[in-house]
Amino acid sequence: MTFGFAPSSAASLSTSTSATSATRLLEPAEWAAAGIPLLRNPREVVSGLHSRHRPRPATAIVAVLDPEERVRASASFTRRQASADGWMFRNALLAQLRRVIPHDLRLRTPVRTAVLLYCRDGDARWTEEDGAWMWGLRDACTLHGLRCGAYITLTRDGWQVLGEGRGGRRPHADSTPEPFALSEAPPPLPRTGGAASEVLRRAAAR
């Protein structure tokens with residue numbers, strides 16, 4: 001005769017929930033293979049969001065960029081102390097997007113791109129929490145009619161665009177934000193004389 005213990009229904013539910021949560025994340029290779037559009041000037045985007053929101057560890061910043069990579073809307077919020085789950089992150093990101101910008105579901109092809117900057121402790125190496133944020137960002141973009149853009153981590157070592165290998169030392173999690181006007185200064189007008197220069201000056205004055 002053999003004696004044993006049958007797993008309780010609570011234990012089975014817990015195991016099932018953990019297994020489901022584990023599938024709601026993206027590995028770096030999956031993210032790189034998803035065709036995420038590259039940022040032309042990631043440091044400018046990072047510096048601008050850092051100046052706007054002054055994030056501390058556990059702060060997420062979601063921003064919507066137009067085709068010229070200008071920030072059209074952004075929102076920041078603090079991650080709740082709970083398990084890293086892509087579905088929960090998706091819902092949090094979607095709530096912020098709905099609050100700050102209309103959806104683009106009416107468009108056949110998305111023209112605006114959402115990027116996510118997450119300030120956290122630890123080093124720049126990928127974690128399961130990062131994978132859950134990636135899953136959440138991709139799903140939130142689909143539901144809001146946006147292109148899924150870069151996922152960027154900000155730590156005390158600096159910033160890094162995960163899946164691309166691009167990063168820098170400043171800004172970092174403890175750095176003082178750059179003056180907002182400097183981080184998003186408009187491009188200078190061309191230094192040409194004549195009528196073309198006068199037209200540009202008048203357009204700028206408007």
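This note reviews a predicted model of one protein chain, point by point.

1. Basis of the model. Residues are numbered from 1 along each chain as its sequence is written. In this predicted model, local features need pLDDT of at least 70 and side-chain atom pairs count only at pLDDT 80 or more, while totals for chains, interfaces and linings use all residues; side-chain values use heavy atoms, with hydrogens and water left out.

2. Confidence. The chain averages a pLDDT (the predictor's confidence in each residue, from 0 to 100) of 81, and 76% of the residues score at least 70. The pLDDT is below 50 over residues 1–17, a stretch with one contact (heavy atoms within 4.5 Å) beyond near neighbours in sequence. Residues 181–206 also have a pLDDT below 50, with 12 such contacts. Where pLDDT is low, the predicted coordinates should not be read in detail.

3. Helix 5. The 17 residues of helix 5 (residues 128–144) should span 24 Å at 1.5 Å a residue, and the end C-alpha atoms are 24 Å apart, which agrees; the expected span is 1.5 Å times one less than the number of residues. Helix 5 is mostly covered, with 12 of its 17 residues buried. Here buried means under 20% relative accessible area, exposed over 50%, and partly exposed in between (1.4 Å probe, protein chains only). Among the buried residues of helix 5 are Trp133, Leu137, Cys141 and His144. Just after the helix, Gly145 takes a positive phi of about 75°.

4. Nonpolar cores. A nonpolar core is a set of buried Ala, Val, Leu, Ile, Met, Phe, Trp, Tyr and Cys residues joined through side-chain atoms within 4.5 Å. The largest has 29 residues, of which Trp31, Leu93, Leu116, Trp133, Leu137 and Tyr151 touch the most other members. At least two residues of this core come from each of strand 1 (59–65), strand 2 (71–78), helix 4 (86–100), strand 3, helix 5 and strand 4 (147–155). Helix 5 gives the most, with seven residues. A second, separate core of 17 residues includes Val45, Ile152, Leu154 and Ala173.

5. Aromatic pairs. The structure holds three aromatic pairs. Rings of Phe, Tyr and Trp (its six-membered ring) pair if their centres lie within 6.5 Å; planes under 30 degrees apart count as stacked, over 60 as edge-to-face and the rest as tilted. Phe89 and Trp133 are stacked, at 3.8 Å centre to centre and 10° between the planes. Phe89 lies in helix 4 and Trp133 in helix 5, so this pair ties together parts that are 44 residues apart in sequence. The rings of Tyr118 and Trp133 have centres 5.0 Å apart and planes at 45°, so that pair is tilted. Tyr118 is in strand 3, and 15 residues separate Tyr118 from Trp133. Tyr118 counts as buried at 2% relative accessibility, and Trp133 at 0%. Ring pairs link Phe77, Phe89, Tyr118 and Trp133 into a cluster.

6. Cysteines. A search of the whole structure finds zero disulfides (pairs of cysteine sulfur atoms within 2.5 Å). Cys148 is in no disulfide, and the nearest cysteine sulfur, that of Cys141, is 4.5 Å away. Cys148 is buried, with a relative accessible area of 13%; Cys119 is also buried, at 0%.

Methods. Helices (H or I, at least four residues) and strands (E, at least two) are DSSP runs, numbered from the N terminus.
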